[in-house]
Amino acid sequence: MRFFETVQHYFNDAADRLQLSDDLRRLLLTSEREVQVQVSLELDDRRLATFIGYRVQHNRARGPMKGGLRYHPEVDLDEVRALASLMTWKSALVEIPYGGAKGGIAVDPRALSRRELELITRKFVDGIHDLIGPDIDIPAPDMGTTAEVMAWFMNQYEKYHGFSPAAVTGKPVELHGLPGREEATGRGVGLLTVKLLSRLGRRPDKMRVAIQGFGNVGTHTAKFLQEAEMKVVAISDASGGYYRPEGIDVMNAVRYAVQRNGSLEGYPDAEPISNRELLELDVDVLIPAAIGGVITGSNAPRLKAGIVVEAANSPVDPTANAILEERGTIILPDILANAGGVTASYFEWAQNRQFYRWGLNRVRQELDRALGDAFERTWQYAQENKCSLRQAAYTIGVSRVSRATLLGGFV
Ligand code: NAD
């Protein structure tokens, strides 16, 4: 199933609950703007390379559009469109004044030198700078992009528009970034996992967890959960999976990956397994934190985890979702589980506009409060309406966006 079909399926389920008209559904499912730009650059070996960059602006009924920038070889318009609409429902669910957007370039960033990565970023900004901005559409990091990429992005944007730190979030702390933004998505995933366990009457200590993806989100999730005394028994990245039933020393794995340019390849302190095997391990909690579409109708029947926390965007397709729900697996949906990133980005953007900044403790406190509120609201809705957490989260998000759309009018 294509990514947009997946998001559309979950949206339609919420729209049914809200009894939205077909006309309003069509409006809410249609992107406001979708652009595709040519990104051409001279590589280090003097060859000319041309890539395709995308920016999809989905909806701005509740505020400027917000969403990450992904560098990954499989980026295409369908994926970016799906991710942009997820951002709309996510921002509404955590009650921050944003609509949704997303962008990406179909490129493998690991195959580029640092200079090439900088050039590709600057060329992409050249292509879209007049369509984005602090009051229009604010990019942020996502898969394959980092705080450093955001610094280049801001610098290039400012060449056209002057001083504009609020044009992009997830910047380095030394360059108008926010302490705690980098850890925010993983911290949120960890915090919400612990909250979910507590609501289910389970203690986190000794719970076994497997995490797919060991980048920004996966590493910070693993650190948080290990501090909460959960046992991280498996981790993975694009190089494969690593399993240790007695528990992996997360900081040791992070240090190993940092020394090897971010890769866990050859990690010696655990047994090598495949990414497919990781998903099917006998664990209490499974956390996909890499790419989308990894849990489908074909592997869902073999999953053993009783709880799936969607740190990645759209990791579970509707067929798998139905199989898992039927079996009683609890799924914490992406638009709630990984909302820590956009929430911290909102803090960064708001403070950039006031030339003011919170310290790390305040950021963590406010982040935990915002996510805790969204979790409780979702949990209550699911209990009262006897539905899944995904149905609850989507229904709250879609309801807020549809209400804002109707209140704003169409003239
Ligand atoms: P990242 O680039 O920092 O890390 C991605 C990780 O996934 C790497 O370890 C990479 O090796 C691994 N990976 C890539 N392809 C894989 C494959 N086929 N199988 C297994 N592992 C693979 O990216 P990130 O920022 O950590 O993002 C991860 C997920 O979280 C994405 O779905 C992203 O949309 C979502 N997300 C990120 C943020 C954020 O703030 N960065 C916010 C919300 C959601």
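Biologist: Leaving aside its neighbours within four places in sequence, which residues is Glu 183 in contact with?

Modeller: With those close neighbours set aside, Glu 183 touches His 220, Leu 360 and Arg 364. Keep in mind that this is a predicted model. Glu 183 itself belongs to helix H6, which covers residues 181-199.

Biologist: Is Glu 183 buried or exposed?

Modeller: The idea is to compare the relative accessible area with a cut-off: under 20% is buried. Glu 183 comes out at 15%, so it counts as buried.

Biologist: Okay, let's zoom out. How many helices and strands are there in the protein?

Modeller: The protein has 14 helices and 12 strands. Its radius of gyration is 20 Å, while the globule rule gives 22 Å for 411 residues; those are close, so the protein is as compact as a globular protein of that length. Along the principal axes, the C-alpha trace spans about 55 × 55 × 40 Å.

Biologist: And what share of the residues count as buried?

Modeller: That's 59% of the 411 residues. There's another way to look at the fold, through its contacts. Take the ones between residues at least 6 apart in sequence: 69% of them join residues at least 24 apart.

Biologist: Now salt bridges. How do I spot one, and how many are there by this rule?

Modeller: You look for a side-chain nitrogen of Lys or Arg within 4 Å of a carboxyl oxygen of Asp or Glu. By this rule you get 31 salt bridges.

Biologist: Where in the chain do Arg 55 and Asp 137 sit?

Modeller: In distant parts of it: Arg 55 is in strand S2 (residues 48-59) and Asp 137 is in strand S5 (residues 137-141), which puts them 82 residues apart. Now check how covered they are. Arg 55 counts as buried because its relative accessibility is 2%, and Asp 137 is buried too, at 0%.

Biologist: What about the salt bridge between Arg 369 and Asp 373: how far apart are the closest N and O atoms?

Modeller: They are 3.3 Å apart. Both residues lie in helix H13 (residues 360-385), and because they are four residues apart, about one helical turn separates them. Arg 369 is partly exposed, with 43% relative accessible area, and Asp 373 is partly exposed at 45%. Elsewhere, salt bridges with shared partners tie Arg 70, Glu 79, Lys 102 and Asp 142 into one network.

Biologist: Last one: how do I read the way helix H1 and helix H14 pack?

Modeller: Start with the angle between the axes; 65 to 115 degrees counts as roughly perpendicular. Helix H1 (residues 3-18) and helix H14 (residues 389-408) pack at about 75°, with axes 9 Å apart, so the two are roughly perpendicular. On the H1 side, the contact includes Val 7, Tyr 10 and Phe 11, and on the H14 side, Tyr 394 and Val 398 are among the residues taking part.

Biologist: And how do the residues of that contact divide into nonpolar, polar and charged?

Modeller: For H1 with H14, there are seven nonpolar, three polar and three charged residues.

Technical notes: Residues are numbered from 1 along each chain as its sequence is written. This is a predicted model: local features need pLDDT of at least 70, side-chain atom pairs count only at pLDDT 80 or more; totals for chains, interfaces and linings use all residues. Side-chain values use heavy atoms; hydrogens and water are left out. Buried means under 20% relative accessible area, exposed over 50%, partly exposed in between (1.4 Å probe, protein chains only). Axes are lines fitted to C-alpha atoms, for helices over the stretch in contact, and angles run from 0 to 180 degrees between N-to-C directions. Angles under 35 degrees count as roughly parallel, over 145 as roughly antiparallel, 65 to 115 as roughly perpendicular and the rest as oblique. Contact means heavy atoms within 4.5 Å. Ala, Val, Leu, Ile, Met, Phe, Trp, Tyr, Cys and Pro count as nonpolar, Asp, Glu, Lys and Arg as charged, and the others, Gly among them, as polar. The radius of gyration is taken over C-alpha atoms; the globule rule is 2.2 Å times the number of residues to the power 0.38.
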